[in-house]
Amino acid sequence: MLHTHTTPASRRRHFREQLASGRLLRIPGAINPYSARLIQEAGFDAAYLSGAVMAADLGLPDIGLTTSTEIAARAQQVTRVTDLPVLIDADTGFGEPMNAARTLQLLEDAGLAGLHLEDQVNPKRCGHLDGKTVVAREEMARRLRSVVEARRDPDFLVMARTDARSVEGLGAAIDRAKAYVDAGADAIFPEALADEAEFEAFRRAVDVPLLANMTEFGKSRLLDAATLENLGYNIALYPVTLFRLAMGAIEGGLRTLAAEGTQESLLPRMQTRSRLYEVLGYEEYNTFDSAVFNFTLPPGN
């Protein structure tokens with residue numbers, strides 16, 4: 001009720017322990033705090049905050065227009081309501097290495113379990129689009145060293161994302177990943193790998209936890225969890241899945257409402273009022289104030 005029952009420090013330790021277990025962690029992207037509660041209830045291992053989703057939620061494309069304070073504010077809203085570790089997309093760090101260091105501390109303060117930084121230039125673009133440009137390897141290494149040095153909690157995970165696969169090729173992406181580990185990255189996010197063979201090659205070459213981005217409509221094949229676990233990956237990420245499902249449902253609902261003039265036919269597809277109150281823990285608030293939950297829902301609601 002009101003807040004999570006765990007501390008950021010305990011969630012970070014738990015996330016580290018999970019990554020060290022050798023088991024594949026399945027991590028969907030939350031749209032908002034409420035969906036993070038649903039992710040926890042569904043039994044997933046952690047939640048994720050996608051830069052693309054946070055930008056789209058503001059009506060913006062994923063080209064680096066959001067700010068570090070905006071994503072920190074959304075992160076704090078999410079970490080307040082879930083006991084799951086939460087990993088966040090910190091884009092390129094929102095500026096030079098000093099800006100990246102400040103971003104890390106803002107996100108530490110927001111209660112997150114970790115972040116990932118990418119090696120694109122600004123303005124950045126979605127990792128599964130063509131026309132990306134990456135910074136020099138040493139510039140990204142400086143970015144990483146700055147955030148590692150700024151980190152106050154050693155359990156806060158620093159993950160490096162490389163977008164070099166579609167720019168410089170697989171071999172260069174692997175070489176960058178190794179350099180990023182040398183610069184202090186705890187884990188690697190190889191973006192836009194093409195197929196199972198490339199995921200396997202990355203795993204053979206890099207000896208830290210690896211994230212597989214299973215985003216829809218992108219450059220990577222959608223591999224199932226069993227395949228990714230057999231390949232030795234540590235995280236299967238579903239960053240925009242819930243956002244796409246929700247927006248598809250909203251568009252369909254709006255078309256129906258416009259055509260039929262009523263939402264009556266949509267009722268079977270809706271979350272009921274009673275289910276909403278169950279997720280929110282409405283009845284638990286009665287422990288604090290009996291005037292809050294002093295009603296009975298009609299049947300079917």
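Helices (H or I, at least four residues) and strands (E, at least two) are taken here as DSSP runs, numbered from the N terminus. The structure described is a predicted model, in which local features need pLDDT of at least 70 and side-chain atom pairs count only at pLDDT 80 or more, whereas totals for chains, interfaces and linings use all residues. Residues are numbered from 1 along each chain as its sequence is written, and side-chain values use heavy atoms, with hydrogens and water left out.

Glycine 29 is placed in the loop between strand S1 (25-28) and H2. Burial is expressed through relative accessible area, where buried means under 20%, exposed over 50%, and partly exposed in between (1.4 Å probe, protein chains only). Glycine 29 counts as buried because its relative accessibility is 2%. Although glycine 29 and leucine 242 stand 213 residues apart in sequence, they are 6.7 Å apart in space, C-alpha to C-alpha. When neighbours within four places in sequence are left aside, glycine 29 is in contact (heavy atoms within 4.5 Å) with Ile39, Tyr48, Tyr238, Pro239 and Leu242.

The search for open space was made on a 1 Å grid over the protein atoms alone, and a pocket is an open set of points where a 1.4 Å probe fits, with protein on both sides within 12 Å along at least five of seven lines; lining residues have an atom within 4 Å of a point. Grid points are joined across faces, edges and corners, and a volume is the space filled by probe spheres set on the points. The largest pocket holds about 710 Å³ of space. Its lining consists of 24 residues, and those that lie nearest the centre are Ile31, Leu38, Leu245, Ala246 and Ala249. Helix H2 (33-41) and helix H11 (241-260) each supply at least two residues of this lining, and the largest share, nine residues, comes from H11. By residue class, the lining of the largest pocket divides into 17 nonpolar, six polar and one charged, where Ala, Val, Leu, Ile, Met, Phe, Trp, Tyr, Cys and Pro count as nonpolar, Asp, Glu, Lys and Arg as charged, and the others, Gly among them, as polar.

The structure holds 19 salt bridges, each being a side-chain nitrogen of Lys or Arg within 4 Å of a carboxyl oxygen of Asp or Glu. In one of them, the side chains of arginine 275 and glutamate 41 meet at 2.2 Å, N to O. This pair links distant parts of the chain, since arginine 275 lies in helix H12 (residues 273-280) and glutamate 41 in helix H2, 234 residues apart. Arginine 275 counts as partly exposed at 24% relative accessibility, and glutamate 41 is likewise partly exposed at 49%. A further salt bridge joins glutamate 138 and arginine 145 (2.4 Å, N to O); glutamate 138 is partly exposed, with a relative accessible area of 42%, and arginine 145 is partly exposed at 32%.

The side chains of arginine 244 and glutamate 216 also meet in a salt bridge (2.5 Å, N to O). Arginine 244 lies in helix H11 and glutamate 216 in the loop between S7 and H10, so the pair ties together parts that are 28 residues apart in sequence. Arginine 244 is partly exposed, with a relative accessible area of 33%, whereas glutamate 216, at 16%, counts as buried.

A nonpolar core is a set of buried Ala, Val, Leu, Ile, Met, Phe, Trp, Tyr and Cys residues joined through side-chain atoms within 4.5 Å. The largest such core has 56 residues, and those with the most contacts inside it are Ile188, Phe202 and Tyr233. Beyond residues up to four places away in sequence, tyrosine 233 touches several residues, including Leu24, Leu193, Phe199, Arg203 and Leu228. A second, separate core of 15 residues includes Leu87, Met159, Phe189 and Ile235.

Two phenylalanines concern the backbone. Phenylalanine 94, in the loop between strand S3 (86-89) and helix H5 (97-109), has a positive phi of about 65° although it is not a glycine. Phenylalanine 217, in the loop between strand S7 (211-213) and helix H10 (225-230), has a positive phi of about 60° and counts as exposed because its relative accessibility is 77%.
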